[in-house]
Amino acid sequence: DLLYIAAVGTVIKLLLMNTYRSTDFEVHRNWLAITASTPLHKWYHENTSQWTLDYPPFFAYFEWGLANVAQRVDAGMTSVENLEYASRATVYFQRISVIISDAMLLAGIYTFAHTWPSSRLTEAAASRCKVAIVGGLTFLNPGLLIVDHVHFQYNGIMLGLLLLSLSLIRMGRDLEGATVF
């Protein structure tokens, strides 16, 4: 059921590949450029464009990881001087990176749904349905779709980590849950 939901959601997101791009497209493209072409100790001091890196360090490392791949796809997108750079490869790379990052959201949904407390004996029979309900309500959420996939955000990762954190706490693994959080 969750695989079906993931497939449907991914197809919808792929169909949005050539749709509207907000200024967040350029912001994230610039962050790729900053992390790819600037030494680590200067990431938060680079100010040649209006889109300075202002997210926490873990996200900057995430952008750096994406930038290492981005350079191989289209080196132009990782140049800080290329303001408003929007080649087809750049747009596709950024959209696909958001879609791939949804794996964390799917992992969070799966774990969260499977740690839901049972309230009756027949609960086990409904667990497959529960995964579908939690998955559908979360992964196919129109708000998340619009914010992440139209505006090039990675909120799905954060929501997935939150769900994973809550799941670990439900399983009595408080320290791991707090670490993930």
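Author: Let us begin with a definition: axes are lines fitted to C-alpha atoms, for helices over the stretch in contact, and angles run from 0 to 180 degrees between N-to-C directions. Contact means heavy atoms within 4.5 Å. Helices (H or I, at least four residues) and strands (E, at least two) are DSSP runs, numbered from the N terminus. This is a predicted model, in which local features need pLDDT of at least 70 and side-chain atom pairs count only at pLDDT 80 or more, while totals for chains, interfaces and linings use all residues. Residues are numbered from 1 along each chain as its sequence is written, and side-chain values use heavy atoms, with hydrogens and water left out.

Reader: What makes α3 oblique to α4?

Author: The two helices pack at an angle of about 140°, with their axes 11 Å apart. Angles under 35 degrees count as roughly parallel, over 145 as roughly antiparallel, 65 to 115 as roughly perpendicular, and the rest as oblique. The angle of about 140° therefore makes α3 oblique to α4. In this packing, F62, L66, V69, A70 and V73 of α3 meet A89, F93, S97 and S101 of α4.

Reader: How does the span of helix α3 compare with the span expected for it?

Author: Helix α3 covers residues 57–73, which is 17 residues, and its first and last C-alpha atoms lie 24 Å apart. The expected span of a helix is 1.5 Å times one less than its number of residues. For α3 that expectation is 24 Å, and the helix comes close to it. Its buried residues are F59, A60, E63, L66, A67 and A70, and what covers them includes α2 and α4.

Reader: Why is F139 called buried?

Author: Buried means under 20% relative accessible area, exposed over 50%, and partly exposed in between (1.4 Å probe, protein chains only). F139 has a relative accessible area of 3%, so the residue is buried. F139 belongs to helix α5 (residues 123–139). Leaving aside neighbours within four places in sequence, F139 is in contact with I5, A6, G9, T10, K13, D102, L105, L106 and I109.

Reader: What makes the pairing of D102 with K13 a salt bridge?

Author: A salt bridge is a side-chain nitrogen of Lys or Arg within 4 Å of a carboxyl oxygen of Asp or Glu. For D102 and K13 the closest N and O atoms are 2.7 Å apart, and the pair forms a salt bridge. The pair links distant parts of the chain, with D102 in helix α4 (residues 88–114) and K13 in helix α1 (residues 2–15), 89 residues apart. Both D102 and K13 are buried.

Reader: How many salt bridges does a search of the whole structure find?

Author: The search finds three. R29 and E26 form one of them, at 2.9 Å from N to O. Both residues lie in helix α2 (residues 23–37), three residues apart, about one turn of the helix. R29 and E26 are buried. E176 and R173 also form a salt bridge, their closest N and O atoms being 2.7 Å apart.

Reader: Why are E176 and R173 called partly exposed?

Author: E176 has 38% relative accessibility and therefore counts as partly exposed. R173, with a relative accessible area of 35%, is also partly exposed.

Reader: What elements does the protein chain contain?

Author: The protein chain has eight helices and zero strands. Of its 181 residues, 41% count as buried.
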